[in-house]
Amino acid sequence: MKKHTKLNSILLILAISILFLVSLGNCKLNLNNPADPFSKSFLETFLLNAYLNSLCDPNVRGNLRLGSGTKMIIPMSIKTLRSGKTVVTAITEEPLVWNGSANGIHSNHQNSSFNAVTFVIDRHFSKILWLDYLGEMSYGIEDWPHDPLISVDEFSNGDLGFFVLVNGLGRSNTINDKVNNVAYYLARYNQDTGAIVWQGYANKNNTRITISGYGLKINERDEMVLRFTSNAGATPSSDTAGLSFPSLPVPQTASNGSISNQTEVGIAIISGDGVGKIQSFFPNTGNVTETMDHFVIGDKIYIFGNTNFNFVSTSGHPFVNELRSFIGIANQNLTWDSVGYFGTSASTSQTFLQYVTYGNGRFFILGKSTNAFSNTGTLYPFEGLGLNRNYFLASSTINSTTPNWFQFLGSNTVDVPETYPNAFAYRSTTDEFLGELLANDNGSQFTGIPSDFVSGSIQNPFGQVRAKLVPQSGQFKTLEYFNGSEAGGNNVTILTNQTEICQGRMVKVKFLSPTSSTVSSIRSIEVSTRPASEEP
């Protein structure tokens with residue numbers, strides 16, 4: 001028996017023994033709240049997490065590939081779990097073969113339609129433990145944005161919560177049936193077996209459904225914090241209904257709904273048992289509000305997105321009626337504590353964030369801007385003379401709606417690409433944000449960056465750049481160019497997401513395509529991990 005296996009067994013026995021002794025001597029352990037220090041669930045969770053942390057193995061390596069290469073498959077989210085397992089979500093046009101089967105454990109792929117799919121990889125990265133199809137998503141792939149539209153998070157006991165907008169036939173044995181053609185599927189699964197603890201649909205009038213700007217996070221009380229967006233429609237009116245789910249009251253604050261096709265953000269909270277708690281909108285009098293992600297830290301909800309106007313009772317938008325970025329902090333009562341806006345103050349320009357990740361008390365923000373910001377703290381200047389699309393990178397800390405540093409990455413001769421992979425993550429062992437971006441389409445390098453940070457070159461289509469940054473300042477550690485395809489654009493490989501799982505070891509998801517000419521329609525995905533010492 002390996003040494004670390006013996007240690008894991010000893011720790012597990014010790015944890016169970018302590019829990020048993022404490023359970024005998026403390027009458028307050030009848031409570032069932034993981035956030036309450038006097039709760040049995042709190043102690044169980046604490047001891048379980050201590051054991052799970054001992055399972056970390058930085059030397060695991062593995063590689064799994066799914067998809068035939070003749071149909072489209074789009075990787076969405078990836079999350080590493082406390083058990084050392086990994087859960088992946090994707091949208092697939094075909095059934096995926098796993099462990100010799102193409103069936104889901106509860107629902108099979110509906111052929112010729114795009115389906116939401118999820119699968120869990122064991123902690124040794126040797127096999128897929130289970131795979132399931134969560135529902136059809138065949139309502140317009142050309143409209144799907146960058147934000148991961150199959151949301152997954154982990155409960156304190158290891159169960160998985162899912163939230164995804166689906167169409168087609170609803171499932172049976174649900175706590176709330178699917179009413180309309182399009183509805184949000186909400187479920188709780190057992191991490192190890194894929195058994196469904198409960199499942200149901202959060203319904204909404206389909207005239208108000210928007211097919212983006214939604215997501216799920218689980219808070220410290222094991223509640224599912226749902227972010228969604230409502231559309232006021234061609235004949236605008238205030239949304240006073242929100243989501244329809246068992247015991248979920250109507251929104252305590254309705255949307256504004258005064259402008260044709262106005263979009264506004266809402267938050268709903270569902271208990272871990274599938275009981276609705278509270279929901280509310282954050283009214284905005286502008287016609288466009290879009291959210292990219294949200295995070296739950298303590299009793300605060302951090303919401304990141306873009307809007308062309310101020311939220312009601314807030315101010316500071318750099319240029320109303322033009323899209324700018326915002327960071328909002330909401331409380332448990334679903335009202336704003338504060339909102340901060342940032343971006344260029346130049347007219348006819350746009351600033352919009354597209355991706356956010358979190359690590360070590362800091363948010364890392366990535367987006368695009370067609371002009372420089374007026375904000376202080378810019379490390380690397382905007383490249384070009386305005387209306388020249390640059391990447392912007394920024395960071396903010398918890399309890400702050402103002403980024404503490406900005407920098408730009410672009411060229412003074414050409415725009416950066418409109419699309420990019422969501423591939424940035426925080427790595428604890430090196431205390432850095434790292435990720436990959438698509439380089440300039442014409443193969444030129446970014447300007448305005450000191451040469452001593454830069455290495456590598458690009459000769460072939462789909463050139464890419466690997467960046468490493470200091471979280472506290474935003475200064476580049478390295479900026480490395482490399483080819484994302486072979487000569488002629490064959491065998492295109494693009495990293496779309498990554499996350500740390502254990503002591504610097506990353507789990508990565510890539511999509512692969514035979515040629516650059518078919519990259520929009522033929523793909524497979526690869527999920528892999530290797531020791532941190534082997535990472536570039």
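This is a predicted model: local features need pLDDT of at least 70, side-chain atom pairs count only at pLDDT 80 or more; totals for chains, interfaces and linings use all residues.

Trainee: What makes Phe-382 and Phe-408 an aromatic pair, and why is the pair called edge-to-face?

Mentor: The centres of Phe-382 and Phe-408 are 5.4 Å apart and their planes stand at 80 degrees. Phe-382 is buried, and so is Phe-408.

Trainee: How many aromatic pairs does the rule give in total?

Mentor: The count comes to 31 aromatic pairs. Among them is the edge-to-face pair of Tyr-380 and Phe-453, with 6.5 Å from centre to centre and 80 degrees between the planes. Because Tyr-380 lies in the loop between strand 19 and strand 20 (390-397) and Phe-453 in the loop between strand 23 (432-438) and strand 24 (454-456), this pair ties together parts that are 73 residues apart in sequence.

Trainee: How do you know whether Tyr-380 and Phe-453 are buried or exposed?

Mentor: Buried means under 20% relative accessible area. Tyr-380 has 7%, so it is buried, and Phe-453, at 14%, therefore counts as buried too.

Trainee: What makes Ser-247 stand out in its backbone?

Mentor: Ser-247 has a phi near 70 degrees, which is a positive value in a residue other than glycine. For comparison, most residues other than glycine have a negative phi. Ser-247 is found in the loop between strand 11 (224-231) and strand 12 (263-270), and because the cut-off for exposed is over 50%, its relative accessibility of 58% makes it exposed.

Trainee: Which phi value does Asn-360 have, and where does Asn-360 lie?

Mentor: Asn-360 has a positive phi of about 55 degrees although it is not a glycine, and it lies in the loop between strand 18 (351-359) and strand 19 (362-369). Its relative accessible area is 54%, so Asn-360 is exposed as well.

Trainee: What makes Arg-188 a charge that lies over the face of Phe-155?

Mentor: Arg-188 is 3.8 Å from the ring centre of Phe-155, and the rule asks for a distance within 6 Å and a position within 35 degrees of the ring normal. Lys-217 likewise lies over the face of Phe-295, at 5.0 Å from the ring centre.

Trainee: How many cavities of 30 Å³ or more are there, and what lines the largest cavity?

Mentor: The count comes to two cavities, and the largest cavity has a volume of about 50 Å³. Its lining includes Leu-434, Gly-435, Glu-436 and Arg-466, and strand 23 gives the most to this lining, with three residues. By class, the lining of the largest cavity has three nonpolar, two polar and four charged residues.

Trainee: Which element supplies the largest share of the lining of the second largest cavity?

Mentor: That share, three residues, comes from strand 18. The second largest cavity has a volume of about 40 Å³, and its lining divides into four nonpolar, two polar and two charged residues.

Methods. Residues are numbered from 1 along each chain as its sequence is written. Side-chain values use heavy atoms; hydrogens and water are left out. Helices (H or I, at least four residues) and strands (E, at least two) are DSSP runs, numbered from the N terminus. Buried means under 20% relative accessible area, exposed over 50%, partly exposed in between (1.4 Å probe, protein chains only). Rings of Phe, Tyr and Trp (its six-membered ring) pair if their centres lie within 6.5 Å; planes under 30 degrees apart count as stacked, over 60 as edge-to-face and the rest as tilted. On a 1 Å grid over the protein atoms alone, a cavity is a set of points where a 1.4 Å probe fits but cannot get out, and a pocket is an open set with protein on both sides within 12 Å along at least five of seven lines; lining residues have an atom within 4 Å of a point. Grid points are joined across faces, edges and corners, and a volume is the space filled by probe spheres set on the points. Ala, Val, Leu, Ile, Met, Phe, Trp, Tyr, Cys and Pro count as nonpolar, Asp, Glu, Lys and Arg as charged, and the others, Gly among them, as polar.
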